[in-house]
Amino acid sequence: MQTPKLSLLAGAAIALAACSSHPQGTTAMVTSEQLQGSAWQVNNLNGSDVGDALVTLNFHEPGRLAGKAACNNYMASYTLEDDSFTVKTGGVTMMACPQPLMKLEQQFLDALEGVNQADISEDGQLILSGTDEVRIEASRQK
């Protein structure tokens with residue numbers, strides 16, 4: 001008669017997990033598998049549209065991040081834990097671009113350093129957020 005007890009216990013665990021999930025309209029912490037694949041294209045940085053600037057995030061392997069930061073290419077590492085996500089920027093190429101792109105690039109690189117949370121919204125957007133109102137919103141590149 002252990003089977004009914006196990007079924008009851010399994011049902012309770014599922015119900016508890018459902019209660020602890022994110023409510024509708026919110027986000028859920030990402031996994032490395034969700035980050036990997038095609039690159040993410042940033043469309044909004046700290047509440048401002050990036051316009052035609054190409055800003056990307058490519059999580060090409062666990063713990064590694066690279067992309068285009070409006071003007072230059074960058075490399076970084078990231079740490080994904082149960083309830084936190086941090087980025088440590090590394091190398092950046094040194095090309096000169098028009099001032100608006102250089103300014104956007106610096107804002108993006110500064111924002112990456114301030115990230116402490118990574119989520120996927122219900123509509124599939126990657127949301128990186130952190131201290132001092134840091135918010136990076138990105139969609140999969142097509």
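Two aromatic rings of Phe, Tyr or Trp are said to pair if their centres lie within 6.5 Å. In the predicted model examined here, ring pairs link Phe59, Tyr78 and Phe85 into a cluster. Four aromatic pairs are counted in the structure. A pair of aromatic rings is described by the distance of the centres and the angle of the planes. For phenylalanine 59 and tyrosine 78, the centres are 5.2 Å apart and the planes stand at 85°, an arrangement that is edge-to-face. This pair links distant parts of the chain, with phenylalanine 59 in strand E4 (residues 56-61) and tyrosine 78 in strand E6 (residues 73-80), 19 residues apart. Both partners are buried: phenylalanine 59 has a relative accessible area of 1%, and tyrosine 78 has a relative accessibility of 6%.

Phenylalanine 59 also takes part in a contact with glycine 37. Glycine 37 is located in the loop between helix H2 (32-35) and strand E2 (40-45). When neighbours within four places in sequence are left aside, the contacts of glycine 37 are Asn58, Phe59 and Arg140. Glycine 37 has a relative accessibility of 52% and therefore counts as exposed, whereas phenylalanine 59 is buried.

The structure holds one salt bridge. This salt bridge is formed by glutamate 137 and arginine 135, whose closest N and O atoms are 2.8 Å apart. The two partners fall into separate classes of accessibility. Glutamate 137 counts as buried because its relative accessibility is 18%, and buried means under 20%. Arginine 135, at 36% relative accessibility, counts as partly exposed.

Backbone geometry was also examined. Most residues other than glycine have a negative phi. Alanine 70, by contrast, has a positive phi, near 80°. Alanine 70 lies in the loop between strand E5 (64-68) and E6, and it is buried, with a relative accessible area of 9%. A positive phi is also found at aspartate 132, where the value is near 55°. Aspartate 132 belongs to the loop between strand E9 (126-130) and strand E10 (135-140). With a relative accessible area of 77%, aspartate 132 is exposed.

Notes: Residues numbered from 1 in each chain as written. Predicted model: local features only at pLDDT ≥ 70, side-chain atom pairs only at ≥ 80, totals over all residues. Heavy atoms only, no water. Salt bridge = Lys/Arg side-chain N within 4 Å of Asp/Glu carboxyl O. Buried < 20%, exposed > 50% of the residue type's maximum accessible area, 1.4 Å probe, protein only. Phe/Tyr/Trp six-rings, centres within 6.5 Å; stacked < 30°, edge-to-face > 60°. Helix = DSSP H or I, 4+ residues; strand = E, 2+ residues; numbered from the N terminus. Contact = heavy atoms within 4.5 Å.
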